[in-house]
Amino acid sequence: MAAGLPDSDWARNVRAAGHAQLSRGRRRESVTLTEVTDSTLKGEVMRAYPHEVPRGAPMFVRADIASSPDPDTFAAAAINVAVFQIRAAPPRENMQ
């Protein structure tokens, strides 16, 4: 998951909470989110972004984060964005 604006409210909230719920339609999934600090890994994630999230890539161009949806341009923009690793949240223990 990439935050084109690393100081946006949602990115700050994710950093503070460390978890979130992803939803699509009626389906919800609890996940843990960890910020990626390795610059090489961030570059790889951002290089794949235009292909993996084609509807999201234009937002990065409109926001002037990347000059085009070219993978190399997105990889170069990795230094200016926040990238989060998504993992399924561990099951919660049934507390009764």
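Buried means under 20% relative accessible area, exposed means over 50%, and partly exposed lies in between (1.4 Å probe, protein chains only). The model is predicted, so local features need pLDDT of at least 70 and side-chain atom pairs count only at pLDDT 80 or more, while totals for chains, interfaces and linings use all residues. Residues are numbered from 1 along each chain as its sequence is written, and side-chain values use heavy atoms, with hydrogens and water left out.

**Figure 1. The whole chain.** The chain has four helices and four strands, where helices (H or I, at least four residues) and strands (E, at least two) are DSSP runs numbered from the N terminus. Along the sequence the pattern reads β-α-β-β-α-α-α-β. The C-alpha atoms fill a box of roughly 55 × 30 × 20 Å, taken along the principal axes. Of the 96 residues, 28% are buried.

**Figure 2. The salt bridge between R15 and E35.** A salt bridge is a side-chain nitrogen of Lys or Arg within 4 Å of a carboxyl oxygen of Asp or Glu. In R15 and E35, the closest N and O atoms are 2.6 Å apart. This pair links distant parts of the chain, with R15 in helix α1 (residues 9–17) and E35 in strand β3, 20 residues apart. R15 counts as partly exposed because its relative accessibility is 36%. E35 also counts as partly exposed, at 31%. Leaving aside neighbours within four places in sequence, E35 is in contact (heavy atoms within 4.5 Å) with R15, A82, V83 and F84.

**Figure 3. The other salt bridges.** The whole structure holds three salt bridges. In one of them, D72 pairs with R47, the closest N and O atoms being 2.3 Å apart. D72 lies in helix α4 and R47 in helix α2, so this pair ties together parts that are 25 residues apart in sequence. The side chains of E29 and R27 also meet in a salt bridge, at 3.7 Å from N to O. R27 is exposed, with a relative accessible area of 59%, whereas E29 is partly exposed at 33%.

**Figure 4. K42, a buried lysine.** K42 lies in helix α2. This residue is buried yet has no salt bridge, and the nearest side chain of opposite charge, E35, is 5.8 Å away. Here Lys and Arg count as positive and Asp and Glu as negative, while His and the chain ends are not counted. Apart from neighbours within four places in sequence, K42 is in contact with V36, A78, I79, V81 and V83.

**Figure 5. The nonpolar cores.** A nonpolar core is a set of buried Ala, Val, Leu, Ile, Met, Phe, Trp, Tyr and Cys residues joined through side-chain atoms within 4.5 Å. The largest has 13 residues, and M46, F60, F74 and V81 have the most contacts inside it. Helices α2 (39–52) and α3 (57–62) are the elements that give two or more residues to this core. A second, separate core has seven residues, including A3, V14, L33 and A82. Beyond its neighbours within four places in sequence, F74 is in contact with several residues, among them M46, Y49, P50 and F60.

**Figure 6. D64 in a loop.** D64 is found in the loop between α3 and α4 (71–76). This residue has a positive phi of about 65° although it is not a glycine. D64 is exposed, with a relative accessible area of 67%.
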